[in-house]
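Thank you all for coming. I would like to walk you through one structure, taking a few residues in turn, so please have a look at it first.

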Amino acid sequence: MATVSFVKASRLYPGNPVAAVNELDLDIEDGEFMVLVGPSGSGKSTALRMLAGLEEVNGGEIRIDGEDVSRKAPKDRDIAMVFQNYALYPHMSVAENMGFALKLKGVSKEERMAKVTDAAKLLDLDKYLDRKPKALSGGQRQRVAMGRAIVREPSVFLMDEPLSNLDAKLRVETRANIAALQSRLKTTTVYVTHDQVEAMTMGHRVALLKDGLLQQVDTPRNLYDRPKNAFVAGFIGSPAMNLRQASLVADGAKIGDTVVPLSRETLQRAHQNNVERIQLGIRPEALAAADKGLTLEVTLVEELGSDSYVYGSLPGDNPATDRPIVVRVDGRSAPRIGSTMTVAAQPGSEHVFDAESGDRID
């Protein structure tokens with residue numbers, strides 16, 4: 001096990017003036033499960049590959065257990081990586097694939113098989129050790145790739161979107177298995193995904209990147225409850241937070257002809273910062289039917305069994321530019337498309353961001 005630190009680490013590709021990873025500062029604790037998440041092109045996979053030694057570090061440092069490894073070869077970093085395409089040798093059996101790195105190190109056959117057998121039992125692969133990868137399902141192949149990493153007993157596990165090739169049901173099962181396995185092994189793990197649900201359900205902490213810049217790193221709960229800016233607010237949560245431009249008035253935020261009440265402290269902080277226009281954020285689950293509030297024309301209803309997601313437009317909305325307001329309701333009492341409903345936010349559930357910078361105000 002080990003600590004990992006990115007110290008103003010940057011990666012700049014030749015011919016591109018914009019850094020793929022820009023002065024990343026991130027400390028990962030011994031035994032921690034850290035998830036790097038963000039949209040395509042955010043720099044999360046590049047950061048992982050920098051840690052693995054597969055990408056050059058153009059500025060700053062990467063440290064493992066306090067030692068600068070930025071110029072070390074991948075084989076000298078005591079890491080093991082699990083790729084999204086499994087990277088298994090098709091002509092080798094499961095046992096041979098799992099023990100191949102140990103064979104290259106000169107580990108005896110007896111010791112190799114003992115380590116492979118232990119890892120196979122841990123991953124429920126012991127009855128497949130003689131099979132070739134083509135005889136396995138996608139989920140089983142991914143477990144073989146994980147077993148190959150486990151037998152090496154590295155200081156750090158690196159996982160680059162390992163579930164992206166699995167179907168939806170298997171992804172849910174496998175992510176739970178990976179989280180449980182990491183909890184048992186207590187090996188420092190850095191995991192990359194573009195799926196924020198995956199990030200929130202697996203990570204001890206989550207680091208959210210955008211355009212090569214770290215936006216926020218925190219526990220999943222704190223990311224959800226206290227997003228640092230409007231980008232984090234809109235990325236974390238499913239469905240995404242409702243974000244609307246609004247003007248500040250004496251009692252709150254005005255959207256169209258409706259005033260959404262805000263706390264006195266939030267209004268004072270906004271006035272102290274000379275903010276007149278904001279982005280108001282309200283999560284779908286924080287909205288509920290009310291006698292007065294925002295009046296929506298229902299344009300779509302997604303039935304999910306116990307819940308339904310209702311999509312609606314406000315009076316004066318432009319369908320081309322204004323995203324619909326989403327409300328989570330009881331699945332048995334969802335309104336019909338074309339009807340209207342009035343909703344209000346639970347007191348204190350509003351999130352307020354500067355309209356220009358996107359930074360949190362409240």
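Let me begin with a question: where does Asp 30 lie? Before I answer, please keep in mind that we are looking at a predicted model. Asp 30 is found in the loop between β2 (21-28) and β3 (33-37), and because its relative accessible area is 44%, it counts as partly exposed. Together with Asp 27, Glu 29 and Asp 65, Asp 30 forms a negative surface patch.

From there, let us move to the salt bridges, of which a search of the whole structure finds 14. One of them brings together the side chains of Arg 11 and Glu 55, at 3.2 Å from N to O, and this pair links distant parts of the chain, since Arg 11 belongs to strand β1 (residues 4-11) while Glu 55 is in the loop between α1 (44-52) and β4 (59-64), 44 residues apart. Are these two partners buried or exposed? Arg 11 has a relative accessibility of 9% and so counts as buried, and Glu 55, with a relative accessible area of 15%, is buried as well.

Another salt bridge joins the side chains of Glu 61 and Arg 63, at 2.7 Å from N to O. Here Glu 61 is partly exposed, with a relative accessible area of 25%, and Arg 63, at 32% relative accessibility, also counts as partly exposed. In a further pair, the side chains of Asp 76 and Lys 75 meet at 3.4 Å, N to O; Asp 76 is partly exposed at 42%, whereas Lys 75, at 69%, is exposed. Returning to Arg 11 and Glu 55, salt bridges that share partners join them with Arg 49 into one network.

Next comes helix α2 (residues 94-104), where we find Asn 97. Its relative accessibility is 1%, which means that Asn 97 counts as buried. If we leave aside neighbours within four places in sequence, Asn 97 is in contact with Leu 88, Tyr 89, Met 92, Pro 133, Val 144 and Arg 148.

Finally, a word on the backbone. Glu 161, in the loop between β7 (156-160) and α5 (168-185), has a positive phi of about 45 degrees although it is not a glycine, and at 12% relative accessibility Glu 161 counts as buried. Lys 186, in the loop between α5 and β8 (188-193), likewise is not a glycine and has a positive phi, of about 55 degrees. A cis peptide bond joins Ser 238 and Pro 239, with omega about -5 degrees, and Pro 239 lies in the loop between α8 (230-235) and β11 (242-248).

Notes:
Residues numbered from 1 in each chain as written. Predicted model: local features only at pLDDT ≥ 70, side-chain atom pairs only at ≥ 80, totals over all residues. Heavy atoms only, no water. Helix = DSSP H or I, 4+ residues; strand = E, 2+ residues; numbered from the N terminus. Buried < 20%, exposed > 50% of the residue type's maximum accessible area, 1.4 Å probe, protein only. Contact = heavy atoms within 4.5 Å. Patch = residues over 30% accessible without salt bridge, like charges linked within 9 Å, V, L, I, M, F, W, Y side chains within 5 Å. Areas by Shrake-Rupley, 256 points an atom, 1.4 Å probe, with all protein chains shown as cover. Salt bridge = Lys/Arg side-chain N within 4 Å of Asp/Glu carboxyl O. Lys, Arg positive; Asp, Glu negative; His and termini not counted. Charge placed at Lys NZ, Arg CZ, Asp CG, Glu CD.
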